[in-house]
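This report treats selected side-chain and backbone features of one protein model.

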Amino acid sequence: MGVYAIEPGCLSASAAIDKANFARKQVHSNTRVSAVQFDKKLEVKQTLTGELLSGLPQALENGEFKLYLQPKFSPKDLSVIGAEALTRWIKPDGTVVYPDQFIPILESTGRIVELDLYIFEQVAQFLQRNAQAGHRLLPIAVNASAVLAREDAPTQEYSEILEKHNISARMLEIELTETAVVSEYDRVKRLLSSFQSDGMQTSLDDFGAGSSLLNNIVDIPVNTIKLDKLFLTRCSSNARSTDFLREVVHLVKRLGYNVICEGIETEEQVQLLRSLDCDGAQGFWFSKAIPAEEFERRYLCD
């Protein structure tokens, strides 16, 4: 159930019911919670949900979702080897909305595919512009939602975007989270295979963060496994965790995957990854996500 405590200024019984119903929808079947009360935090989320569902096409048309890139580095020599595409919603009044606020809303309503395609095209345009300027190009990973796996022709629009901007599919990598793959394994496996057939690289994000794919990792159609930051966090306080991480990295590499570690925050962690022969790393120690134009100036221009 959802609960709304009627307060002075409540516009109508209908508005109170809407708020209680919105709270009810926050109850998830995989938890023991059976009731949620509408509060200030949910009020902000309800307002944001309404703005997204009614104004997403206009926001995309106005370019309010800005492309950000977080660099990926080689632990061996600290050279930049690629980037992950992220986004920020910057409203006309200058308010910045971060992905953890709007991505879950778009995923729960199925509208995330619109944003995924938009960001993919922004990346294609970015690569095209730099190619025409004679700058060096680096592969960019773009997140995709498992919602896409339910579409009839999930990769056709992606291929059309690459063809439109004359970009090699090898410069793009499609990234899905481990949780998404576990929840929709058969469909996502077909989706990833389809992307690979189109020539794109694929990667599995947040590996080890929650649900385990260990039973299926031998045949998941991805090129890269991104280890969740929890692996490194635990290493700072537990020597056994370091041994465990070493074995995970070696196992994944022996299976033929590239290995990237996320959440790098200290030089000690960089040294550890170097000793483990990890292929790549990203995190605030190297760089936070930065606007695409800044990434271009910093890493692509001679």
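Phe73, Phe126, Trp285, Phe286, Phe295 and Tyr299 form a cluster whose members are linked by ring pairs. The model is predicted. Counted with a limit of 6.5 Å between ring centres, the aromatic pairs number 12.

One of these pairs joins Phe65 and Trp89, which is stacked because the two planes meet at 15 degrees, with 5.4 Å between the ring centres; planes under 30 degrees apart fall in the stacked class. The partners come from distant parts of the chain, 24 residues apart: Phe65 belongs to strand β3 (residues 65–73) and Trp89 to strand β4 (residues 80–90). Phe65 has a relative accessible area of 1% and is therefore buried. Trp89, at 5% relative accessibility, is likewise counted as buried.

A further pair is formed by Tyr158 and Phe195, whose planes stand at 85 degrees and whose ring centres are 5.1 Å apart, so the arrangement is edge-to-face. Tyr158 is part of helix α5 (residues 156–165) and Phe195 of helix α7 (residues 185–197), so that distant parts of the chain, 37 residues apart, are linked. Both Tyr158 and Phe195 are buried.

Charged side chains are also placed over aromatic rings. The charged end of Arg88 is positioned over the ring of Tyr68, at 5.0 Å from its centre. Trp89, already described as the stacking partner of Phe65, has Lys91 over its face, 5.1 Å from the ring centre.

Ser145 is located in the loop between β6 (140–143) and α5. Is this residue buried or exposed? Its relative accessibility is 6%, so Ser145 counts as buried, the cut-off being under 20%. A polar atom of the Ser145 side chain lies 3.1 Å from the backbone nitrogen of Val147. Beyond the neighbours within four places in sequence, Ser145 contacts Glu107, Ile112, Asp116 and Leu176.

The packing of two helices is described by the angle and the distance between their axes. For helix α1 (residues 13–24) and helix α2 (residues 40–61), the angle is about 95 degrees and the axes are 11 Å apart. Helix α1 is thus roughly perpendicular to α2, a class that spans 65 to 115 degrees. On the α1 side the contact involves Asp18, Lys19, Phe22 and Ala23, and on the α2 side Leu42, Glu43, Lys45, Gln46 and Thr49. Thr49 of helix α2 is buried, with a relative accessible area of 12%. When neighbours within four places in sequence are set aside, Thr49 is in contact with Phe22 and Ile105.

Two residues with positive phi remain to be described. Leu78 has phi near 65 degrees, a positive value in a residue other than glycine. Asp277 is not a glycine either, and its phi is positive at about 60 degrees. Leu78 is found in the loop between β3 and β4, whereas Asp277 is in the loop between α10 (267–275) and β11 (280–282). The table lists the accessibility of both residues.

| Residue | Relative accessibility | Class |
|---|---|---|
| Leu78 | 35% | partly exposed |
| Asp277 | 36% | partly exposed |

Notes: Residues are numbered from 1 along each chain as its sequence is written. This is a predicted model: local features need pLDDT of at least 70, side-chain atom pairs count only at pLDDT 80 or more; totals for chains, interfaces and linings use all residues. Side-chain values use heavy atoms; hydrogens and water are left out. Rings of Phe, Tyr and Trp (its six-membered ring) pair if their centres lie within 6.5 Å; planes under 30 degrees apart count as stacked, over 60 as edge-to-face and the rest as tilted. Helices (H or I, at least four residues) and strands (E, at least two) are DSSP runs, numbered from the N terminus. Buried means under 20% relative accessible area, exposed over 50%, partly exposed in between (1.4 Å probe, protein chains only). A charge sits over a ring if NZ of Lys or CZ of Arg is within 6 Å of the ring centre and within 35 degrees of the ring normal. A polar contact is a pair of N or O atoms within 3.5 Å; within protein, one must be able to donate a hydrogen and the other to accept it, and residues adjacent in sequence count only if both atoms are side-chain atoms. Contact means heavy atoms within 4.5 Å. Axes are lines fitted to C-alpha atoms, for helices over the stretch in contact, and angles run from 0 to 180 degrees between N-to-C directions. Angles under 35 degrees count as roughly parallel, over 145 as roughly antiparallel, 65 to 115 as roughly perpendicular and the rest as oblique.
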